[in-house]
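Subject: Structure handover

Hi,

Here is the structure I promised to pass on to you.

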Amino acid sequence: MSAPLIPYIEIEPLRLLGPTTFELFGKVISIPELSIKPFGALVALGVWLGSLAAQRSAKRVGMNLETLGSFVFSVLVGGFVGGHVFDTLFYYPERVLQDPLSLLRIWDGQSSFGGFLGATLGAFYWKFRHRQKILAYADIVASGFPLGWVFGRMGCSVAHDHPGRLSDAWFAVQYPGGGRFDLGLYEMLLTIPLAVAFWILSKKPRKPGFYIGVMCTAYAPVRFLLDFLRVQPGDVLPADARYAGLTPAQWGCMVLLATGLFFLRRAAKSPETTDKLLAPKLDEAEATATNA
C-alpha cells in the first residue's frame, strides 16, 4: 500500500520587530510583530521576476520600457483588486452578506481567476486612459507571466493554502491529520515547463497574441482537472463553493480556453510580428526627434 512521500514543510516568518510595548510620556505604546512571511516574499519575488522577463522581451522588440511599466502597474493593481473581489464574491459569498466591507480588504484572500479578470479590466482602463492599443503590451506581459506564476504558486505551496482531498497517493503531502493533495505545489511544478518554454520562445519576436493564446490554452485544462482534487463538501476542511457541481475556477477555465483559442487564431492570421508592428511608432518617434 502506497503512502504520501512529500513532507509537510512549514517555514516560519522572519521576525523583524515586535511584538513589544514601551511607555512614552506616561502612555503605553504597543507595536505589533513586523515580519517577512514566506508567502508574501515569494509572491513579491514572482512579480519582480515576471516583470524582468517581460522587460527582457520588450527590449528585444524595441518596446518603450516606460510605457510598458505604466501598463504593468495598471494590470497589477487591477489584478490584486479583482483577485480579492472575485474570491470573496464567488468563494465566500456569506462573508459579503455578513460584512460588506470585506470586499475592501484586498490582503484577505485572492483568487487567480479574479486576478485574471481584474488584470484584464486594468489593461482596458490603461487603454482608454492613454488611447493606445494594448495587444502588444499585454502579450509581452504574458510572456513573463509563467515565470512569476511559478514563484507565486511556490508561495501557495509553502503556505499550504490550497489543500485538496485526503489521499494516500505517493505524490500527496503529509498534512497534519492525513495525506492530502496540495494543489499549489502541483500547479507550481506544472508551470515550470511553460516558463522554460516561454524563455526559449522569447528569443525571437512572435506575432501579437501568441503568448496570451498559449498561456490560456495551456493553463485552462490543467487547472480544470486539478480542481477535481480540491477539498470536497463534507470534509473537515472548508470546501470551495460549487455551482452545478463545478468550482468557480472550473467555469472560468472554459472562458479562459475560449480566450486562448481566439488569440492563437488571431496570432496565426497576423501578418506581422510584434517588433514589426511597433516599427511605425518607432519611426515616427525618430522623425519627431530629428525635426525637433
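This is a predicted model: local features need pLDDT of at least 70, side-chain atom pairs count only at pLDDT 80 or more; totals for chains, interfaces and linings use all residues.

Residues are numbered from 1 along each chain as its sequence is written, and side-chain values use heavy atoms, with hydrogens and water left out.

**The chain as a whole**

The mean pLDDT (the predictor's confidence in each residue, from 0 to 100) is 86 for the protein chain, and 93% of its residues reach 70 or more. Please treat one stretch separately: residues 282-292 have a pLDDT below 50, and beyond near neighbours in sequence this stretch has 1 contact in the model. Contact here means heavy atoms within 4.5 Å.

The chain has 9 helices and 6 strands; these are DSSP runs, with helices being H or I of at least four residues and strands being E of at least two, numbered from the N terminus. Along the principal axes, its C-alpha atoms fill a box of roughly 70 × 65 × 35 Å. Of the contacts between residues at least 6 apart in sequence, 66% join residues at least 24 apart.

Buried residues make up 40% of the 292 in the chain, where buried means under 20% relative accessible area, exposed over 50%, and partly exposed in between (1.4 Å probe, protein chains only). The chain exposes about 16800 Å², and carbon and sulfur atoms supply 68% of that area. Accessible areas come from the Shrake-Rupley method with a 1.4 Å probe; for residues, only the protein chains shown count as cover.

**The cavity**

How many cavities of 30 Å³ or more are there? The count comes to 1, and the volume of the largest cavity is about 80 Å³. A cavity is a set of points, on a 1 Å grid over the protein atoms alone, where a 1.4 Å probe fits but cannot get out; lining residues have an atom within 4 Å of a point. Grid points are joined across faces, edges and corners, and a volume is the space filled by probe spheres set on the points.

Its lining includes Ser-57, Arg-60, Val-61, Asp-139, Ile-140 and Tyr-211. Helix H1 (38-61) and helix H5 (135-159) are the elements that give two or more residues to this lining, and the largest share, 3 residues, comes from H1.

Most residues other than glycine have a negative phi. His-160, however, has a positive phi of about 55 degrees, and Ala-244 also has a positive phi of about 55 degrees. His-160 lies in the loop between H5 and strand E5 (163-166) and is buried, at a relative accessible area of 10%. Ala-244 sits in the loop between helix H7 (210-226) and helix H8 (248-269), and is exposed at 76% relative accessibility.

**Two helix residues**

Thr-191 belongs to helix H6 (residues 183-201) and is buried, with a relative accessible area of 7%. Leaving aside neighbours within four places in sequence, Thr-191 is in contact with Pro-146, Trp-149 and Val-150. Thr-191 and Leu-147 are 44 residues apart in sequence and 8.0 Å apart in space, C-alpha to C-alpha.

Val-214, in helix H7, touches Leu-194, Phe-198 and Leu-264, not counting residues up to four places away in sequence. Val-214 and Asp-235 are 21 residues apart in sequence, with 35 Å between their C-alpha atoms.

Best wishes

Definitions and conventions: On a 1 Å grid over the protein atoms alone, a cavity is a set of points where a 1.4 Å probe fits but cannot get out, and a pocket is an open set with protein on both sides within 12 Å along at least five of seven lines; lining residues have an atom within 4 Å of a point.
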